[in-house]
Amino acid sequence: MEWTPISEQIDFVFPIPVPTQTLPPHRDTNSFLVGRREIGMIDAGLWDEEGVEALIGHFREGMGRELRWLVLTHWHPDHQIGADKIKEKTGCRLGVHESEADKVAPASVDFTLRDGDRIPFDGRELEVIHTPGHSSGHCCFLLRPEGVLFTGDHILGMGTSIVVPPDGDMTLYMDSLAELLSYPVRIICPGHGPVVWNGREKILEYIEHRKERERDILEGVRSGIRRTEDLVAKIYTDVPVSFLGMAFFSVEAHLAKLIREGKIGKSGDDEGYEPT
């Protein structure tokens, strides 16, 4: 099986959407292959036997291709559950951020990642950018000359990312978004949804969206709304009812951030929140 690169100009990056048990509205998790001979892979969602065999066919004997490494953006199952099978079948080395190395069992981690690390392939390098927030060890990966950023769940091709405390942290998430503006990002290859061709604009859009939600939450608390579920009902009038459960967690993450900043506090009866 052959896959189609993201563009004629960047003909060594191959997206592979894989059906996974992920959050709606998405049904797939994107894995990516980078390189043509010494190949790397980013993320490994729910790969079934047919998918693994198709992947192995890409590296069949005589093609001169070898899967050298597989790196994970983060430990969540829809991004790593296929890692063990792929590693077993290809002999590739598995890497994840050092803070999440104990969370990807049964797969065994061969190397750990830190911010600023470089991972070589095919005469190129993939740069590691630690972007905590969605998870504590979440990483994005940058092809600097081409401006291609692989974002996992930090930035999606459609919709917004969810931040679930305590492993998810809204302060770190918003700081990580702002940090990405210092990198030469042109194209975003997300963990879910289509490739984004206006990368910098998408980052700015995500930052403004989170700031807008935070302003709404703070205004809601100051107006007398105390409970998280009431804030969700007041603010998230633009999303389907089925998505409100996910919105609850992001509101909780924003509330924790506002408490740390001293802008709100827990109410005296500990039943909700109040302005400071």
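Predicted model: local features only at pLDDT ≥ 70, side-chain atom pairs only at ≥ 80, totals over all residues.
Residues are numbered from 1 along each chain as its sequence is written, and side-chain values use heavy atoms, with hydrogens and water left out.

The C-alpha trace spans about 70 × 35 × 30 Å along its principal axes. Of the 276 residues, 51% count as buried, meaning under 20% relative accessible area, with exposed set at over 50% and partly exposed in between (1.4 Å probe, protein chains only). The accessible surface comes to about 12800 Å², and carbon and sulfur atoms hold 51% of that surface; the areas come from the Shrake-Rupley method with a 1.4 Å probe, and for residues only the protein chains shown count as cover. Among contacts (heavy atoms within 4.5 Å) between residues at least 6 apart in sequence, 57% join residues at least 24 apart.

Now to the strands around β5. Two strands are taken to pair if DSSP finds at least two bridges between them. β3 (38–42) pairs with β4 in the parallel sense over five bridges, and Glu38 sits opposite Glu66 of β4. β4 in turn pairs with β5 over three bridges, again in the parallel sense. Here Leu70 faces Leu94 of β5, and Trp69 is opposite Arg93 of β5. On to β6 (residues 111–113): three bridges join this strand to β5, and the two run parallel, with His97 opposite Leu113. Four of the five residues of β5 are buried, so β5 is largely enclosed by the rest of the structure.

Helix α3 (residues 83–90) has Ala83, Ile86 and Lys87 buried. These three cover an arc of only 100° around the axis, which puts them on the same side of α3; the arc is that of the directions from the helix axis to the C-beta atoms. The buried residues of α3 pack against β3, β4 (66–71) and β5 (93–97), as well as α1 (49–58) and α2 (77–80). Just after the helix, Gly91 takes a positive phi of about 75°.

A separate stretch of chain makes an open sheet of five strands, ordered β7-β8-β9-β10-β11, with mixed pairing. β7 (118–121) and β11 (187–190) stand at the edges with a single partner strand each, so one side of each is left without a neighbour in the sheet. From one strand to the next, the twist averages 25°, with axes fitted as lines to C-alpha atoms (for helices over the stretch in contact) and angles running from 0 to 180 degrees between N-to-C directions. Strand β10 (residues 148–152) pairs with β11 in the parallel sense over four bridges, and Gly152 is opposite Pro190 of β11.

The peptide bond from Ala105 to Pro106 is cis, with omega near 10°, and Pro106 lies in the loop between β5 and β6. Another cis bond runs from Pro165 to Pro166, with omega near 5°; Pro166 belongs to the loop between β10 and α4 (170–180). Asp43 has a phi near 70°, a positive value in a residue other than glycine. This aspartate is in the loop between β3 and α1 and, at 1% relative accessibility, counts as buried. Asp122 also has a positive phi, near 50°. Asp122 is in the loop between β7 and β8 (124–130), where 23% relative accessibility makes Asp122 partly exposed.

Finally, Tyr273 lies in strand β13 (residues 273–275) and is buried, with a relative accessible area of 8%. Leaving aside residues up to four places away in sequence, Tyr273 touches a set of residues including Val221, Ile225, Arg226, Leu255, Ile259 and Ile264. The C-alpha atoms of Tyr273 and Gly168, 105 residues apart along the chain, are separated by 20 Å.
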